[in-house]
Amino acid sequence: MSDTTKPVTWLTQDAYDRLQAELAELSGPTRENVVARIAAAREEGDLKENGGYHAAKDEQGKLEARIRVLTQLLQDAQVGEAPVAADRAVAGTLVEVQFEGDDETETFLLGSREDHVDGYQIYSPSSPLGAAVLGHSPGETVQYTAPRGATMKVSIVSVQPYHA
């Protein structure tokens, strides 16, 4: 039997509120504006050669897609503080890693890219690096395939809860 649970997206309250406001704006005034532009362009006549109509329909498609993404994200999001104890990398933790062959370390937030956090790169738990470190503890070395196909090894140096 396979596990069908969806991964949880962790968001700070600030990010959740910001995304709720964006969804309200897109679902209300922005959507109404696009619908009005489509109606106005439709009244101009021949739709085959009506650039304004096609541009507004394209914008409507992108708008509806963003509304669907935000709706799903907010519906599935876990809102609040990061985990209290961080003995392993989970969503909402700061993960310090060292790439093989590099003396420098990098610290990033394992979370949602919708969660704008100053000072830290954000990797989603479903990204190649995020998925590789997810569930692992300091001292472990993991490997993953980078977007361009290179195999990368990274050692987890530390894991700590993120606090805004």
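The legends below accompany close-up views of a predicted model of one protein chain.

View 1. Among contacts between residues at least 6 apart in sequence, 52% join residues at least 24 apart.

**View 2. The open sheet of five strands.** The strands of this sheet lie in the order S5-S4-S3-S7-S6, and their pairing is mixed. S5 and strand S6 (141-145) are the edge strands, each of which pairs on one side only. From one strand to the next, the twist averages 45°.

**View 3. Strands S3 and S4 side by side.** Strand S3 (residues 93-99) and S4 run antiparallel and are joined by six bridges. Within this pairing, Thr93 stands opposite Leu110 in S4.

**View 4. The aromatic pair of Phe108 and Tyr123.** A pair of aromatic rings is described by the distance of the centres and the angle of the planes. Here the ring centres of Phe108 and Tyr123 are 4.8 Å apart and the planes stand at 80°, so the pair is edge-to-face. Because Phe108 belongs to strand S4 (residues 105-110) and Tyr123 to strand S5 (residues 121-123), the pair ties together parts that are 15 residues apart in sequence. Both Phe108 and Tyr123 are buried.

Methods
Residues numbered from 1 in each chain as written. Predicted model: local features only at pLDDT ≥ 70, side-chain atom pairs only at ≥ 80, totals over all residues. Heavy atoms only, no water. Phe/Tyr/Trp six-rings, centres within 6.5 Å; stacked < 30°, edge-to-face > 60°. Helix = DSSP H or I, 4+ residues; strand = E, 2+ residues; numbered from the N terminus. Buried < 20%, exposed > 50% of the residue type's maximum accessible area, 1.4 Å probe, protein only. Contact = heavy atoms within 4.5 Å. Pairing = 2+ DSSP bridges. Axes fitted to C-alpha atoms, helices over the stretch in contact; angles between N-to-C directions.
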